[in-house]
Amino acid sequence: MPDWRQALHLEPPRGWLNDPNGLCCFGGLYHVFFQYCPADARGAGPKLWGHYQSPDLLHWTFTGAPLAPDTPWDKGGVYSGCAVAEGGVMRLYYTGNVKHPGAHDYIHTGREANTLLVETADGVHVSPKKLLMTNADYPADCSLHVRDPKVWREDGLWKMVLGARSLADAGRVLLYHSEDGLAWRLARVLEPAPAFGYMWECPDCFALGGRTWLSLSPQGLPHGETENQNVYQSGYFALDGGIETGTPGPFAEWDKGFDFYAPQTFETADGRRMLIGWMGMPDADYRNPTADLGWQHCLTLPREVTPGPHGLCQRPARELDALADGTPVTVDGSLGGIPLPCRLKATAQGAFALTLAGGLELSRATPEAPVCLRFTDEALGGGRTVRRAPVDAGPLALTMVVDRSSLEIYLNGGAAVLSTRFYPGDGPVPLAVAGLTATVQPLRPMTFTGL
Ligand code: FRU
């Protein structure tokens with residue numbers, strides 16, 4: 001049986017994982033909560049929040065599922081949300097999903113989306129749940145799809161963004177204000193005209209490099225050759241003028257690969273903006289064979305986000321550098337088996353091709369062409385086909401983090417990123433390169449305890 005259990009990525013101990021939730025740095029620990037369905041590796045069943053913590057982003061402990069659907073307000077699922085660390089506690093804001101039985105479309109009838117709050121000092125023991133808002137508190141021209149609160153402090157106020165679908169099927173963000181983080185009033189409905197997709201999930205708003213950025217996961221965008229290639233997207237707008245009054249600039253996708261959705265960001269103790277996404281895609285027609293083994297999906301590596309020449313750049317958190325283990329190997333031609341996990345670096349002056357595991361090809365046809373990620377082996381990609389990432393013309397800097405069943409590809413300092421799962425068979429994973437020389441650095445696995 002191939003070893004598809006990841007060495008550098010957070011996975012559920014068993015069952016299903018989707019969005020990262022409640023990301024924060026608190027009391028000397030990183031906290032990563034996630035959408036978790038322990039009972040079913042295909043995600044059929046109510047969602048809980050699972051919880052990992054780590055002192056350094058390298059040694060992780062799974063502590064269980066602190067939030068389960070056990071009140072009338074969240075009995076259909078403890079949906080996505082965030083953490084705010086304040087005065088010795090983490091406040092966890094999330095959406096309580098409720099679905100009523102009956103002949104409903106669950107857009108206009110049959111659903112509740114409640115905004116709830118709990119407090120916790122450790123991510124393990126949580127206070128009783130407090131109901132903050134129900135659908136009756138959201139604007140009357142919203143459908144019942146309103147969810148995924150992201151809360152932060154700014155200018156002496158508490159601010160919250162919620163993702164929503166209007167009655168006219170337009171994606172929108174609701175901005176709320178509060179003096180105490182408990183009583184909230186609507187401050188703005190941000191909805192571009194014409195509509196940009198029918199639903200916006202998982203909004204996030206943060207300041208970086210002197211600008212305000214609004215990240216979200218829109219559904220219903222038109223698909224193109226190099227844009228919006230997946231079922232749903234995740235990306236960001238610069239919001240010059242800020243969240244209160246700013247107008248969104250052009251939309252940029254966070255990741256052009258097959259498996260990336262619903263990211264969330266947080267700030268580290270030393271002031272870095274860090275992003276973690278779900279390395280998965282809802283409603284995709286490709287497969288993850290680990291589901292037959294009892295678990296499915298993982299999160300991305302933590303990625304540092306910085307302002308770049310055309311938007312935001314991402315790079316694997318610098319903490320990962322400490323995992324370098326042994327002497328790098330230079331590959332100019334082919335290598336029968338690369339160590340997993342590893343980090344590969346290369347610079348391509350023009351056309352190149354890199355083939356991993358015999359059936360995953362990363363290539364560029366000319367120095368002007370987009371970079372192309374293509375599976376030529378159906379089983380290796382679980383049905384994944386091709387994705388393209390436009391990059392600046394000229395030389396290409398390539399960094400790849402290869403785990404046992406995933407690949408994160410960072411192009412030109414993370415100006416473009418492609419993430420994918422891949423499922424190699426038993427035995428060594430070969431690498432062949434043409435048009436570049438690769439340096440392969442073996443990495444030590446992270447440690448995961450409490451599983
Ligand atoms: C995004 C999402 C969120 C929701 C959660 C439920 O993947 O649909 O909008 O809160 O997943 O698991």
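This tour moves from the annotated domain to the ligand and its surroundings.

The model is predicted: local features need pLDDT of at least 70, side-chain atom pairs count only at pLDDT 80 or more, and totals for chains, interfaces and linings use all residues. Residues are numbered from 1 along each chain as its sequence is written, and side-chain values use heavy atoms, with hydrogens and water left out.

**Select residues 9-316.** UniProt, in an unreviewed entry, places "domain: Glycosyl hydrolase family 32 N-terminal" here. Such annotations may be inferred rather than shown by experiment. The span is 1% helix and 55% strand (DSSP runs: helices H or I, at least four residues; strands E, at least two; numbered from the N terminus). Its end C-alpha atoms lie 12 Å apart.

**Select the ligand and its shell.** Pick Asn18, Asp19, Gln35, Lys47, Tyr79, Ser80, Arg147, Asp148, Glu201 and Tyr261; a residue is near if one of its heavy atoms lies within 4 Å. By class, the shell has five charged residues, three polar and two nonpolar (Asp, Glu, Lys and Arg are charged; Tyr is among the nonpolar).

Strand 1 (15-26), strand 5 (77-86) and strand 9 (142-154) each supply at least two shell residues.

**Draw the polar contacts** (N or O pairs within 3.5 Å). Arg147 puts a polar side-chain atom 2.8 Å from a ligand oxygen. For Asn18, a side-chain N or O atom is 3.0 Å from an oxygen of the ligand. Ser80 uses a polar backbone atom, also at 3.0 Å from a ligand oxygen. How much of the ligand's accessible area does the protein cover? The protein covers 91% of the 320 Å² that the ligand has on its own (Shrake-Rupley, 1.4 Å probe).

Methods
A polar contact is a pair of N or O atoms within 3.5 Å; within protein, one must be able to donate a hydrogen and the other to accept it, and residues adjacent in sequence count only if both atoms are side-chain atoms.
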